[in-house]
Amino acid sequence: MMKRALLSVVLGGMWLGGMCAACSGAGTGTTTSTPVAVDIPIQTEPEKEPETAPVATSEEPSASEDKARAEQLAQAALKKQVSFSSASRLEINKQFPHAEELRAAATRAGAPFSDDDWFGDGEPVPARWELSIGADIDVAAAQAMIAACLLTAKTPFHVERMDHDSEFGNRNRIYVGGLNASAGPTTSYTKLADMLAPGLTKGKFYSMLPPDSD
């Protein structure tokens, strides 16, 4: 906001009615000067608004916070022995990142696996890494596989559920890596953390997993 200030100037005299007030003593041999004060408005610099600190607002957790939360839940899921009785078979694409480490982590948690359960050797790398979980797999076993993939792969992947048995009985199988996977979004750390939350019912857990494309 611009402010106006008054500058007082004292003038030696002023003209009044055609006469010089400073010369009011003319003809008497003396000259008197009557100072006259005049106020002249001037402009000053605009006042700056005081700077205020930004107000803190509540924000969504950052990606790094989501990742840390998901990894913490994954570690907890792998610390306990899990029953994989609902899983008839676990198969892993050999090209999946750190596939050997993943197999070791999964079998330590109780997952069934044999050398015949590798696949994808010599095949093209899929457009997107996938973890496909049959809809009849128990929640604890499914969470253990999500946890193993998250902690060993160190790369984004997509989690989906298999609703259709087809000829392979997929509702009771787990496939890691995919083979002919289509390109698409991977599962975020936020969603992975939600899937790994303890105490989920089967209905709640599988409602978070999108169906496969088959």
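## Salt bridges and a buried glutamate

Arg173 is buried, at a relative accessible area of 13%. Buried stands for under 20% relative accessible area, exposed for over 50%, and partly exposed for what lies in between (1.4 Å probe, protein chains only). The model is predicted, so local features need pLDDT of at least 70 and side-chain atom pairs count only at pLDDT 80 or more, while totals for chains, interfaces and linings use all residues. Residues are numbered from 1 along each chain as its sequence is written, and side-chain values use heavy atoms, with hydrogens and water left out.

A salt bridge is a side-chain nitrogen of Lys or Arg within 4 Å of a carboxyl oxygen of Asp or Glu. By this rule there are eight salt bridges. The table lists three of them, including that of Arg173.

| Pair | Distance, N to O |
|---|---|
| Glu91 and Arg173 | 2.7 Å |
| Arg161 and Asp163 | 2.9 Å |
| Arg69 and Asp194 | 3.4 Å |

Arg69 belongs to helix H1 (residues 63-78) and Asp194 to helix H4 (residues 189-195), 125 residues apart. Helices (H or I, at least four residues) and strands (E, at least two) are DSSP runs, numbered from the N terminus. Arg69 is partly exposed at 36%, as is Asp194 at 30%. Glu91 is buried at 10% relative accessibility. A network of salt bridges links Arg89, Glu91, Asp117 and Arg173.

Glu130 lies in strand S7 (residues 130-134) and is buried, with a relative accessible area of 8%. Leaving aside residues up to four places away in sequence, Glu130 touches several residues, among them His158, Glu160 and Tyr175; contact means heavy atoms within 4.5 Å.
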